[in-house]
Amino acid sequence: MAEYDNLGRLYQYLKSHTTKDDERTVRNVIDRKIIPEGELEKLGDFADICRELERRGKLKKNNLGYLKMLLRQINRKPLIKEVEKYEQPSNSFDLISNVK
């Protein structure tokens, strides 16, 4: 069991459980009003995208709806469940050992 107490660790977990194809799909889904195309292209990986969304106010510790929507777009239901665990009052979650 691993406990995560900040969004950065959650983002790293999600990064390690998503593929480059997932990342491309997420980049295509993100509204260009939120992150303009040129800026989105400069972001390195899934965790970087999440951090930028947080910086722009789309993700917050107590509001991860946009992140769950992105994960739905790439059909990552087990990861959505992990985000929902993170949202619980204890602000921690157990890693699913076989998430793909």
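Two residues are in contact here when heavy atoms of theirs lie within 4.5 Å. This is a predicted model, where local features need pLDDT of at least 70 and side-chain atom pairs count only at pLDDT 80 or more, while totals for chains, interfaces and linings use all residues. Residues are numbered from 1 along each chain as its sequence is written, and side-chain values use heavy atoms, with hydrogens and water left out.

**View 1. Leu71 and its contacts.** Skipping its neighbours within four places in sequence, Leu71 touches Leu14, Phe46, Arg76, Leu79, Ile80 and Val83. Leu71 is also one of the residues that touch the most other members of the largest nonpolar core, along with Leu14, Ile30, Leu53 and Leu67. That core has 27 residues; such a core is a set of buried Ala, Val, Leu, Ile, Met, Phe, Trp, Tyr and Cys residues joined through side-chain atoms within 4.5 Å. Buried means under 20% relative accessible area, exposed over 50%, and partly exposed in between (1.4 Å probe, protein chains only).

View 2. Helices here are DSSP runs (H or I, at least four residues), numbered from the N terminus, and strands are E runs of at least two. In α6 (residues 77-87), the buried residues are Leu79, Ile80, Glu82, Val83 and Tyr86. Looking down the axis of α6, they fall within an arc of 155°, so they line one face of the helix; the arc is taken from the directions from the helix axis to the C-beta atoms. Over on the other side, Lys77 and Lys81 are exposed. Among the things covering the buried residues of α6 are α1 (7-16) and α5 (65-73).

**View 3. Where α1 meets α4.** The axes of α1 and α4 (residues 46-55) come within 8 Å and cross at roughly 145°. These axes are lines fitted to C-alpha atoms, for helices over the stretch in contact, and angles run from 0 to 180 degrees between N-to-C directions. On the α1 side, the contact is made by Leu7, Tyr11, Gln12, Leu14 and Lys15, and on the α4 side by Phe46, Ala47, Cys50, Arg51 and Glu54.

**View 4. Arg27, a buried residue in α2.** Arg27 sits in helix α2 (residues 20-29) and is buried, with a relative accessible area of 14%. Beyond its neighbours within four places in sequence, Arg27 is in contact with Arg32, Leu40, Glu41, Leu43, Gly44, Asp45 and Ile49.
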